[in-house]
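Colleague: I am new to this model and would like to learn how to read it feature by feature. Could you walk me through it, giving the general idea and then the case at hand?

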Amino acid sequence: MNNTRIFKMSFASVYPHYVTKAEKKGRTKAEVDEIIYWLTGYDQQALQMIIDKKIDFETFFAEAPQINPNVSKITGVICGYRVEEIEDALMQKIRYLDKLIDELAKGKAMEKILRK
């Protein structure tokens with residue numbers, strides 16, 4: 001599978017889709033941001049800079065301050081693949097984020113989404 005296209009896609013181009021997906025289901029942008037902070041260790045200011053500079057996914061995850069140590073607790077299927085079985089580390093991180101946003105949109109409690 002050639003993942004180069006998604007790796008080079010700007011995070012800023014996908015972020016509004018995450019927010020829209022959540023808001024359509026009665027969730028908030030703040031909850032989407034909280035998931036991103038939890039997963040990556042970015043804060044609000046750093047996230048805004050990434051969006052403003054149109055940083056790509058590869059750089060977004062490469063420069064993440066701290067990938068949450070509980071990511072191994074994220075399991076399930078996203079886009080037809082089990083997230084825990086994805087071999088490419090970067091693609092797995094992207095799919096972790098997709099999975100968490102899906103869980104948010106499906107109405108799961110934040111405590112469960114953030115694996116507390």
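Colleague: What pLDDT does the protein chain average, and where is confidence lowest and where highest?

Modeller: Where pLDDT is low, the predicted coordinates should not be read in detail. Here pLDDT, the predictor's confidence in each residue on a scale from 0 to 100, averages 94 over the protein chain, and 97% of the residues score at least 70. Confidence is lowest in helix α1, residues 4–8, with a mean of 86, and highest in α3, with 98.

Colleague: Is K8 buried or exposed, and which residues does K8 touch?

Modeller: K8 is found in helix α1 and counts as exposed, because its relative accessibility is 51%. Leaving aside residues up to four places away in sequence, K8 touches D56 and E58, a contact being heavy atoms within 4.5 Å. By contrast, K8 and E34, which are 26 residues apart in sequence, are 24 Å apart in space from C-alpha to C-alpha.

Colleague: At what angle do helix α3 and helix α6 pack?

Modeller: Two packed helices are described by the angle between their axes and the distance between the axes. Helix α3 (residues 29–40) and helix α6 (residues 89–105) pack at about 145 degrees, and their axes are 10 Å apart; the axes are lines fitted to C-alpha atoms over the stretch in contact, and angles run from 0 to 180 degrees between N-to-C directions. The contact is made by E31, V32, I35, I36, W38 and L39 of α3, together with K93, Y96, L97, L100, I101 and L104 of α6. Sorted by type, these residues comprise 10 nonpolar, no polar and 2 charged, where Ala, Val, Leu, Ile, Met, Phe, Trp, Tyr, Cys and Pro count as nonpolar, Asp, Glu, Lys and Arg as charged, and the others, Gly among them, as polar.

Colleague: How many salt bridges does a search of the whole structure find?

Modeller: A salt bridge is a side-chain nitrogen of Lys or Arg within 4 Å of a carboxyl oxygen of Asp or Glu, and the search finds 8 of them in the whole structure. One of them joins the side chains of E31 and R27, at 3.1 Å from N to O, and both E31 and R27 are buried. Another joins R95 and D98, at 2.7 Å from N to O; both residues lie in helix α6, 3 residues apart, about one turn of the helix, and both are buried. R82 forms a salt bridge with E84, with the closest N and O atoms 2.8 Å apart; R82 is partly exposed at 35% relative accessibility, and E84 is partly exposed at 32%.

Colleague: Which residues are linked in a network of salt bridges?

Modeller: The network links E103, K108 and R115. R115 has its place in the segment after α7 (110–113) and is buried, with a relative accessible area of 12%. Its phi is near 50 degrees, a positive value in a residue other than glycine.

Colleague: Where does K54 lie, and what is its phi near?

Modeller: K54 lies in the loop between α4 (44–53) and α5, and its phi is near 55 degrees, again positive in a residue other than glycine. K54 counts as exposed, because its relative accessibility is 57%.

Conventions:
Residues are numbered from 1 along each chain as its sequence is written. This is a predicted model: local features need pLDDT of at least 70, side-chain atom pairs count only at pLDDT 80 or more; totals for chains, interfaces and linings use all residues. Side-chain values use heavy atoms; hydrogens and water are left out. Helices (H or I, at least four residues) and strands (E, at least two) are DSSP runs, numbered from the N terminus. Buried means under 20% relative accessible area, exposed over 50%, partly exposed in between (1.4 Å probe, protein chains only).
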